[in-house]
There are 6 protein chains.
Amino acid sequence: MDRAHGRRCDRLRHTSITRHCQNYPPGSALIEVGNTKVICAATIADHVPSFLKGTGQGWLTAEYSMLPSATRDRVSRERNKLSGRTQEIQRLIGRALRSVVDLNAIGERTITIDCDVIQADGGTRCAAITGALVALVEACDTIYKVGGTFPVTDFVAAISVGLNADGEALLDLNYDEDSTAVVDCNVVMSGRGQFIEIQSTGEGHPFSRRDFDKMIDFAELGIDELISIQKDALGSDLVWRVGRVG
Amino acid sequence: MDRAHGRRCDRLRHTSITRHCQNYPPGSALIEVGNTKVICAATIADHVPSFLKGTGQGWLTAEYSMLPSATRDRVSRERNKLSGRTQEIQRLIGRALRSVVDLNAIGERTITIDCDVIQADGGTRCAAITGALVALVEACDTIYKVGGTFPVTDFVAAISVGLNADGEALLDLNYDEDSTAVVDCNVVMSGRGQFIEIQSTGEGHPFSRRDFDKMIDFAELGIDELISIQKDALGSDLVWRVGRVG
Amino acid sequence: MDRAHGRRCDRLRHTSITRHCQNYPPGSALIEVGNTKVICAATIADHVPSFLKGTGQGWLTAEYSMLPSATRDRVSRERNKLSGRTQEIQRLIGRALRSVVDLNAIGERTITIDCDVIQADGGTRCAAITGALVALVEACDTIYKVGGTFPVTDFVAAISVGLNADGEALLDLNYDEDSTAVVDCNVVMSGRGQFIEIQSTGEGHPFSRRDFDKMIDFAELGIDELISIQKDALGSDLVWRVGRVG
Amino acid sequence: MDRAHGRRCDRLRHTSITRHCQNYPPGSALIEVGNTKVICAATIADHVPSFLKGTGQGWLTAEYSMLPSATRDRVSRERNKLSGRTQEIQRLIGRALRSVVDLNAIGERTITIDCDVIQADGGTRCAAITGALVALVEACDTIYKVGGTFPVTDFVAAISVGLNADGEALLDLNYDEDSTAVVDCNVVMSGRGQFIEIQSTGEGHPFSRRDFDKMIDFAELGIDELISIQKDALGSDLVWRVGRVG
Amino acid sequence: MDRAHGRRCDRLRHTSITRHCQNYPPGSALIEVGNTKVICAATIADHVPSFLKGTGQGWLTAEYSMLPSATRDRVSRERNKLSGRTQEIQRLIGRALRSVVDLNAIGERTITIDCDVIQADGGTRCAAITGALVALVEACDTIYKVGGTFPVTDFVAAISVGLNADGEALLDLNYDEDSTAVVDCNVVMSGRGQFIEIQSTGEGHPFSRRDFDKMIDFAELGIDELISIQKDALGSDLVWRVGRVG
Amino acid sequence: MDRAHGRRCDRLRHTSITRHCQNYPPGSALIEVGNTKVICAATIADHVPSFLKGTGQGWLTAEYSMLPSATRDRVSRERNKLSGRTQEIQRLIGRALRSVVDLNAIGERTITIDCDVIQADGGTRCAAITGALVALVEACDTIYKVGGTFPVTDFVAAISVGLNADGEALLDLNYDEDSTAVVDCNVVMSGRGQFIEIQSTGEGHPFSRRDFDKMIDFAELGIDELISIQKDALGSDLVWRVGRVG
């Protein structure tokens, strides 16, 4: 099996995260995974949805969008209603990040995560989650009071794995690989090596338990590397804070 | 761990499927899983979405809805836009059933699967998939020409599994169990014992690979039993047709 | 004139009302009129629309919907906006039931009547009103304090009448009769034999005052019988309460 | 019972119809009924809805709207969705006028009736129907070929009747009378004295058959006078054409 | 260059303003500019948008609409969403009138300006602004307390100018002139001869600075005359109030 | 008057245009004007709106959007309906670019201009037009056949000018200057020094003709410089093509 640029089946594409890519939001990060580029921003508002008013607890919500020019063929803006795909992705990003946020530690505030895809070459939802963690930590630093609980309790990253038509497992599929894969799987894991979400679909081709186990093995490898890249981007001061209580 | 009615952790609730529960659609089935009741209907239209015109190939799409009176607290009708949850469920049902349909064998027709929840006590999306397979086979019989390819190529069923707060795996969660579970997993499998879809979420509680494997073991048991129930409902003549070519 | 099953022009189809057809709402009833089947549910919420806040008075509102599989040809779900037909029916059901409810006696609560058509063979709006009265009485019993005013002040039922192409009046039209009728009339009456609503339309065929009087005669007969069926379904204890003050 | 300006219970308000009140549409009429003023226009387009293509038959549809400044309290524009009330009125106007149009005689064209209320003092839907008939006849004259069938087959007019709190029947209610009436009834009749539509509602107060008969008597008187006013507005040439075949 | 009715390039069409053209709103005016006719109404509500609550300051907003029958070819009602053109016009009318209103002097109230075009022959947005000023002054008189500040601080009027295909400047274009103009310019000016808004577009034909200056010269002439017509319509008592403080 | 970084009243901010900032669309450019950053992309589709089918002529349309994180305070996505502001900007961009495109030379194709604001510090609509011209020329090169007519006939750029509270004219306002300006003016000009659009608004402060002339003088200076920057970005080969016929 030949992947672009001689990449091995169990290797990520070249991945980088650039902090502070926008001037105004309290947290922002540009993540590049091969040709995929996503701007992730975290903003904080001093109110919560009505079901949380008076509870002392905060909320985190996520939005995901693509520039129409991000893809091979121009994609229409979702100006009337969101597609099912977009809603699924937004809900996934929100769940993934909420799983590592102590909502009591942020008080009655709402953190909004905006993931805007500037260029799309496969794996945008996973890149969005991985980049957003960095923006989120940056933003939380602005509301953190030394000696209190830092709101982000752990790292979280996401990666795609799949099976190609020959039944080989592949880590981190680009657009061409994704289009021809027979099984498509997204895995979200925490910094402590546990699973937060597994979504595996074999519409065109049911898969055996053995194939599935192989994909999960690859995902564990990839997540490990992504979390290292997150830590490099954040630097030791912020890394030290994640998960600290008091 | 005590479940309602002394049910064991690895057992389904009482499940039955009643064929032909409506007079007009070519296929219909009422599935009852404990207190959960879903009417599944399959109808066939002589046209296809525009992207399939002239290809000789058909399509299958699914819709899911709840009566407002199906739940403990009345749930509003989705009359302006669909919630993300409903869209996810509809897309899941559609993918699950398309994975066992030979779209060439149905010609340029569209099969619509309607899943209407009459009463909801947990597991409605899985019940919808399991019941819809029966309605689908019944409906396909009306367009099947003896000697041709029967459009349904395999059985398909779905079941929920989860982890409760004590870390025990549970098969087929009812509403109360689902509300308190820390991990929630839906599994769709084919009649040949392969996986079509796995969706596992641990928003409140990341899970280990060992816990995950235990849940998948339980799901395999449950699916096996559900497919037996589908076969009993369809009867030997229709069971014989599923997967036959010519 | 031959009607299906030798039915006479002035006779109803076989009609039955089954109470408590769902587990969760405080009132529910399945009404079957020939092949027409409607689930009617009444739920009670502890708030009122803003125009009633602080008045001590309650409200009643109604919603009507059909399963897509309820009809001969699949009917689309109304997920973007309601058709004019659906809105007219909802408004009619709401007016009919409000005419027999003492809104002061329910306090600042909102009763929602949900009428979901499971199978449609003509006369669904009339069946919905007739079945909903039973669900409403059942639900009101849960908020009734003995010695107070029972919120339902009278019975109410509805029936269709029409003129066929030969100018004959017909009571309780099924779908085939309704499709070929030249005049279509819906009549809502109270348990005391007075009129609450008359809607008579002769789009294809204007009608004389004499024909109209004949239709109203038939409607009076039909309503009488429907109210007996409601009373049988409710049983003497609940029948006794309707209309009692203190 | 004292009505404004000493009007008797069985008398219309002062009513006039002014033809050709706009320059551009082929038919237009301003109807004034007391303080109620409605501009009615009829336009003709050379196409039909898809269900009529190729049938040689035309269609007629109606729209109804109010200026926000037409009422005592400003009423919001219906820019997002139509209220149930507006939809009911539009459907009523359409049915009323279609009942006197020979859709084959207009060929594959669509006539749109626009009724825009400039000032509202009760009875706007009835005024709209009565005025629209005049605009319709005027517009049909532009597509009529001498010797052919004139598309309008009869006159049609509408009037409101009601019962006040004292149980007296009233013809042609103004806004104040309408607000306090306990029964409200709209009647549409043809030039030949037959009924096209009767809609009678007693939400606050069920009514007896005798009261109902009294209201219908009044409506017959009012319609008679309205049709005379229509004939005066149209003039003998156009009156002569209505209902002529060849 | 020949204009209809021998009109010179620098002359307005015949223009009149009729006050109090509707019974119910506190201010209303019918403006006729040639064949263009617009009903302008001003209503006052005792609340403000949320961003102004508690500030003691009021607001003014404008809505613009056309009867479908106002134009040569019937124009559809904007019942689902507003066109960009309508939104631009509404925003322009609102800005123009707010520029001459002292929002503190009206207290926490909202003035709504409704401009409904009854007949459209070019220049409807300018006619709307010019007519609305008269309705606005009339309405403000109902909330004015003698000795206080009159809320309208100056006159405001608007006029169109353009360049035809021969490069000639034209004042106050009718529909035919507007359709063939290569440059289209709308100018809003105050009673003191200053500019409030200039919008000049040469989509089909860029224009020189000299041509532009010529158009502005014409606009100044036209506005002068329109303000005289406004003053005649209002009468000396109301004219005297405009711009008075205390 | 002190502007940020000692900028003179008649000077632009630092402006740069980077071509080919995205991989997939045929034309793309990132324009940076001070802190304002806009990605402009041009894509070409092989169809036209229905009103142009069969005419041999093409079309150009524009869309404008902001990332929610582009501004000081997070701005909501326009997912249900576009604001009036966004619609005005889109229409302005479309008109500006169409004024320099020969729609016959592109054949029956639609060019879509997407302007996505990554960071907003005032002047985004003008930056969008100026950057989009570069993306447009780049994209048109892909459909240009040597010897034919190059579809872009001239350069076009846009700049803002304004009056501050002291009555001084300012060129190219940043966000802070724009927020406090009393007059706001956007000017679109062609490469030949003619005007395509002038929009000048003095909501809070009417302006004299002399002030207006001063602003236009400044705009002419700014446009001149912007067109030089466009030419530098495009390079001599592409510059040479603009406006060439055959």
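The model is a predicted one.

| Chain laid on chain | RMSD | Turn | Shift along the axis |
|---|---|---|---|
| Chain A on chain F | 0.0 Å | 180° | 0.0 Å |
| Chain B on chain A | 0.0 Å | 180° | 0.0 Å |

For chain A on chain F, the turn is 180° with a shift of 0.0 Å along the axis. That is the relation of a two-fold axis.

Chain B is laid on chain A with an RMSD of 0.0 Å. The same surface serves both of these copies, as 100% of the contact residues of chain B recur in chain A. Within chain B, the residue that comes closest to the rotation axis is B:Gln199, with its C-alpha at 2.3 Å.

The largest nonpolar core has 472 residues. The members that touch the most others are A:Ile113, B:Ile113, C:Ile113, D:Ile113, E:Ile113 and F:Ile113. Apart from neighbours within four places in sequence, the contacts of A:Ile113 include A:Ala41, A:Ala42, A:Leu60, A:Ile93, A:Leu97, A:Ala132 and A:Leu136. A:Thr61, A:Ala62 and A:Glu63 are also in contact with A:Ile113.

In chain B, helix α2 runs over residues 124-140 and has 17 residues. From first C-alpha to last, helix α2 of chain B reaches 24 Å, close to the 24 Å expected at 1.5 Å a residue. This helix, α2(B), is mostly covered, with 17 of its 17 residues buried.

How values were computed: Residues are numbered from 1 along each chain as its sequence is written. Chains are lettered from A and ligands numbered from 1 in the order in which they are written. This is a predicted model: local features need pLDDT of at least 70, side-chain atom pairs count only at pLDDT 80 or more; totals for chains, interfaces and linings use all residues. Side-chain values use heavy atoms; hydrogens and water are left out. A nonpolar core is a set of buried Ala, Val, Leu, Ile, Met, Phe, Trp, Tyr and Cys residues joined through side-chain atoms within 4.5 Å. Buried means under 20% relative accessible area, exposed over 50%, partly exposed in between (1.4 Å probe, protein chains only). Contact means heavy atoms within 4.5 Å. Helices (H or I, at least four residues) and strands (E, at least two) are DSSP runs, numbered from the N terminus. The expected span of a helix is 1.5 Å times one less than its number of residues. Copies are superposed by least squares on the C-alpha atoms of residues with pLDDT of at least 70 in both.
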